[in-house]
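Welcome! Please take a moment with the sequence and the 3D view, and then read on for a short tour.

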Amino acid sequence: MTKEETLTSFLIESQTRSYRLAYSVLRNREEALDAVQTAVCRALEHQNSLRDPGAVKTWFTRILMNACQDTLRQRGRVVPFPEEGPELGQEDPEPADDTLARRVNALPAEVGTVIKLRFYEEMTLKEIGEVTGQNISTVKSRLYAGLRKLRVAMEGVEI
């Protein structure tokens, strides 16, 4: 299978996952769709830079996260956190009891990103390090610091 076929197959299979990840970072349906579209275009334009077709998930996730970061920068680095969630379509990933989801979104961006990649996208620490450009010890410390903050925040709240 060629790089192009591998990439195309991955993009088709992971479109829902990609949207979920972008939405979890941007918290806006249109911006998430735009970020995914931008990431797909960038991936197709730069498919020759994919050295290992087996690492297409990590490679594309990094492109997607960069597209999300570009959107956040354009937004003025302010992520609105609505008191009540917007009415979401069926494709928007919002759990019925969003207490934990709100707490994850309230974490600092670098910590929240690690938590989302680890638990929402089920990536390994090594993959998260490759996606975020951080070494594994930084990823671990952010993951455990975030989990600690979540545990403290959730104490006394029934899940």
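## A tour of the helices

Glu122 is exposed, with a relative accessible area of 62%. Here, buried means under 20% relative accessible area, exposed means over 50%, and partly exposed is in between, using a 1.4 Å probe and protein chains only. This is a predicted model, in which local features need pLDDT of at least 70 and side-chain atom pairs count only at pLDDT 80 or more, while totals for chains, interfaces and linings use all residues. Residues are numbered from 1 along each chain as its sequence is written, and side-chain values use heavy atoms, with hydrogens and water left out.

Let us look at the whole chain. Eight helices and zero strands make up the secondary structure of the protein, in the pattern α-α-α-α-α-α-α-α along the sequence. Helices (H or I, at least four residues) and strands (E, at least two) are DSSP runs, numbered from the N terminus. The protein has 159 residues, and 36% of them count as buried. Among the contacts with a separation of 6 or more, 67% are between residues 24 or more positions apart; contact means heavy atoms within 4.5 Å.

**Two positive phi angles**

Glu122 is found in the loop between α6 and α7, just after α6. The phi of Glu122 is positive, near 55°, in a residue other than glycine. Arg27, in the loop between α2 and α3 (29-45), also has a positive phi, near 60°. At 24% relative accessibility, Arg27 counts as partly exposed.

**Helix α6 and its neighbours**

Which residues of helix α6 (residues 109-120) are buried? They are Val111, Gly112, Thr113, Val114, Ile115, Lys116 and Leu117. These buried residues pack against α2 (15-26), α4 (56-74), α5 (99-106), α7 (125-132) and α8 (136-154).

Tyr120 also lies in helix α6, and is partly exposed with a relative accessible area of 37%. Leaving out residues up to four places away in sequence, Tyr120 touches Arg20, Ser24, Ala101, Val104 and Ile115. Take Arg20 as an example: Tyr120 and Arg20 are 100 residues apart along the chain, yet their C-alpha atoms are separated by 8.8 Å.

Arg118 lies over the face of Phe119, at 5.6 Å from the ring centre. For a charge to sit over a ring, NZ of Lys or CZ of Arg must be within 6 Å of the ring centre and within 35 degrees of the ring normal.

**Aromatic pairs**

A pair of aromatic rings is described by the distance of the centres and the angle of the planes. Rings of Phe, Tyr and Trp (its six-membered ring) pair if their centres lie within 6.5 Å; planes under 30 degrees apart count as stacked, over 60 as edge-to-face and the rest as tilted. How many aromatic pairs does this rule give? The count comes to two, and here they are.

| Pair | Centre to centre | Angle between planes | Type |
|---|---|---|---|
| Phe10 and Phe60 | 5.9 Å | 70° | edge-to-face |
| Tyr19 and Tyr23 | 5.9 Å | 35° | tilted |

Phe10 in helix α1 (residues 3-13) and Phe60 in helix α4 are 50 residues apart, and their pair links distant parts of the chain. Phe10 is buried, with a relative accessible area of 12%, and Phe60 is buried too, at 0%. Tyr19 and Tyr23 both lie in helix α2, four residues apart, about one turn of the helix. Both of these tyrosines, Tyr19 and Tyr23, are buried.

**A pocket to find**

The second largest pocket has a volume of about 210 Å³. On a 1 Å grid over the protein atoms alone, a pocket is an open set of points where a 1.4 Å probe fits, with protein on both sides within 12 Å along at least five of seven lines; lining residues have an atom within 4 Å of a point. Grid points are joined across faces, edges and corners, and the volume is the space filled by probe spheres set on the points. Which residues line the second largest pocket? The lining consists of Met65, Asn66, Gln69, Ala109, Glu110, Thr113, Val131, Thr132, Gln134 and Arg142. The elements α4, α6 and α7 give two or more residues to this lining. By class, the lining has three nonpolar, five polar and two charged residues, where Ala, Val, Leu, Ile, Met, Phe, Trp, Tyr, Cys and Pro count as nonpolar, Asp, Glu, Lys and Arg as charged, and the others, Gly among them, as polar.
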